[in-house]
Amino acid sequence: MTARTSQAMPATPEGTPAAARESLQGHYAGFASRFAAFVVDVFVISAVYLLLLGAINFVASIATGKTVDLNRNDIWVVIGYLVWAFIYFAHFWGLNGKTAGGGLFGLQVLRDDGGDVSGRRAIGRTLALPLSFLILCLGFLGILLGDRRRALHDVIAGTVVVYSWDARAARLRYLSRPRYSAPAAPAAPPATPGSPGSPGPSA
Amino acid sequence: MEAMAQTVAERAISLVLDVVDLNEVLDQVDLNALLNRVDLDTLLDRVDIGAVLNKVDIEEVLDRVDLNRLLARVDVNQLLSTVDVNRLMAKVDVSAIVDQVDVNQVVQQVDVNDVMSKVDVDAIVDRVDINGIVERVDLEAIVEETDLGSIIAKSSSGIASGAIDAVRSRTVGMDEAIARLVARLRSRPYTGPPGPPAGLRVPGAS
């Protein structure tokens, strides 16, 4: 997904090779995938932050000899959480366009021309992300209604989100999975239809 | 009496022949007119050609003939130009000829490597519609029926497990369902997910 314009693909789905169409690889990701990836990212960010917070409380309690309880009611904890979330998104989007959630659901953030996202653009996208929430989440309508499925922060940062996993390869992996067949049952005497124990039609 | 007459006649003929110049006589004879009067067909009917040929030693005749020199004087191209090859080939039972050919033996005598070295494979491949061929291949059936599938699974097992594939497939399915629903609400036809971005090269989508 990081290869560039040496062999440019047509932008229209009609002009896309059949294999790519089937795999959806490189096509703009839809709402469900992006939402699920975001939920996973929030979970990861929160889990890591809570662990970090617990570790800080523990170390501070030992160091000071007093009970230290940093919780979400503390403004500094909230600020720290937001900073951590900013670092998380900006770092991973700038690194390879994939956060943990994006990696799990096979999504990647790219420039709107298909190129890699630079660190500066990743920071811009991260800063613009709250705007999509602050306007009553209307910033996400573009994912549902836009031709390129871009949210507001995508438009501001000049980015797109695409499927980075090959659904066709996944299908082949599924077909090639190991299958264990049950040992053949001993031949049973023919039973009259409708009699107890006779095999009925499979559901 | 007869013997004496015979002796006289022979003597007379001998004297006449001594006097007559046969060459001069022959010069005065119109051989063409003479030959025109000869019925050659009748004459040939009376000749036993078989008996004549039996007396001819053909082997000796052929030994004395320089065939190479003879053939060198033949204009083969002109000869062949007069041959109606199509008519000739129509009379040839090609199947019978082919049946007599030991193809295996012929093939064994062929230096395949030498032949292949002269073949411009790139030029041939350029003329082949590989995409068209690939589209006709039922890859899924091949993977199911061969060990290729297990190779693919082993090579990609570190990249994604079956569970992740399943999760991704489901979310993509939800994406499509939502997109179709939105398109229906907007009274617009849905033709599949848009993209990819211009300039993006998708691996494996050659």
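**Close-up views of a predicted two-chain model**

**View 1. Helix H3 of chain A passes helix H5 of chain A in a right-handed crossing.** In this predicted model, the axes of H3(A) and H5(A) lie 8 Å apart and the helices pack at an angle of about 140°, which makes H3(A) oblique to H5(A). On the H3(A) side the contact is formed by A:Phe86, A:Phe89, A:Ala90, A:Trp93 and A:Gly94, and these meet a set of H5(A) residues consisting of A:Gly119, A:Ala122, A:Ile123, A:Arg125, A:Thr126, A:Leu127 and A:Leu129. Sorted by class, the residues in the contact of H3(A) with H5(A) are 8 nonpolar, 3 polar and 1 charged.

**View 2. The largest nonpolar core contains 19 residues.** Within this core, A:Phe89, A:Trp93, A:Leu107 and A:Tyr163 are the residues with the most contacts. Two or more core residues are contributed by each of several elements of chain A, namely helix H2 (31-64), helix H3 (75-95), strand E1 (107-111), helix H5 (119-134) and strand E2 (159-163), and the largest share, 4 residues, comes from H3(A). Leaving aside residues up to four places away in sequence, A:Phe89 touches A:Phe38, A:Asp41, A:Ile45, A:Thr99, A:Thr126 and A:Leu129. Another core, of 5 residues, lies apart from the largest one and has among its members A:Tyr28, A:Leu110, A:Val160 and B:Leu200.

**View 3. Helix H2 of chain A packs against helix H17 of chain B (residues 162-185).** The axes of these two helices are 6 Å apart and the packing angle is about 130°, and H2(A) and H17(B) are therefore oblique to each other. The residues that meet are A:Phe31, A:Ala32, A:Ser33 and A:Ala36 from H2(A), and B:Thr171, B:Val172, B:Met174, B:Asp175 and B:Ile178 from H17(B). By class, 6 nonpolar, 2 polar and 1 charged residues make up the contact of H2(A) with H17(B).

**View 4. A:Phe31, in helix H2 of chain A, touches residues of chains A and B.** With residues up to four places away in sequence not counted, the partners of A:Phe31 are A:Phe140, A:Ile143, A:Leu144, B:Asp175 and B:Ile178. A:Phe31 and A:Phe140 are 109 residues apart along the chain, yet their C-alpha atoms are separated by 8.5 Å. A:Phe31 has a relative accessible area of 29% and is therefore classed as partly exposed.

View 5. Read along the sequence, the elements of chain A follow the pattern α-α-α-α-β-α-α-α-β-α. Chain A has 203 residues, of which 35% count as buried, and among its contacts with a separation of 6 or more, 69% are between residues 24 or more positions apart.

Terms used
Residues are numbered from 1 along each chain as its sequence is written. Chains are lettered from A and ligands numbered from 1 in the order in which they are written. This is a predicted model: local features need pLDDT of at least 70, side-chain atom pairs count only at pLDDT 80 or more; totals for chains, interfaces and linings use all residues. Side-chain values use heavy atoms; hydrogens and water are left out. A nonpolar core is a set of buried Ala, Val, Leu, Ile, Met, Phe, Trp, Tyr and Cys residues joined through side-chain atoms within 4.5 Å. Buried means under 20% relative accessible area, exposed over 50%, partly exposed in between (1.4 Å probe, protein chains only). Contact means heavy atoms within 4.5 Å. Axes are lines fitted to C-alpha atoms, for helices over the stretch in contact, and angles run from 0 to 180 degrees between N-to-C directions. Angles under 35 degrees count as roughly parallel, over 145 as roughly antiparallel, 65 to 115 as roughly perpendicular and the rest as oblique. Ala, Val, Leu, Ile, Met, Phe, Trp, Tyr, Cys and Pro count as nonpolar, Asp, Glu, Lys and Arg as charged, and the others, Gly among them, as polar. A crossing is left-handed if the near helix is turned anticlockwise from the far one by less than a right angle, and right-handed if clockwise.
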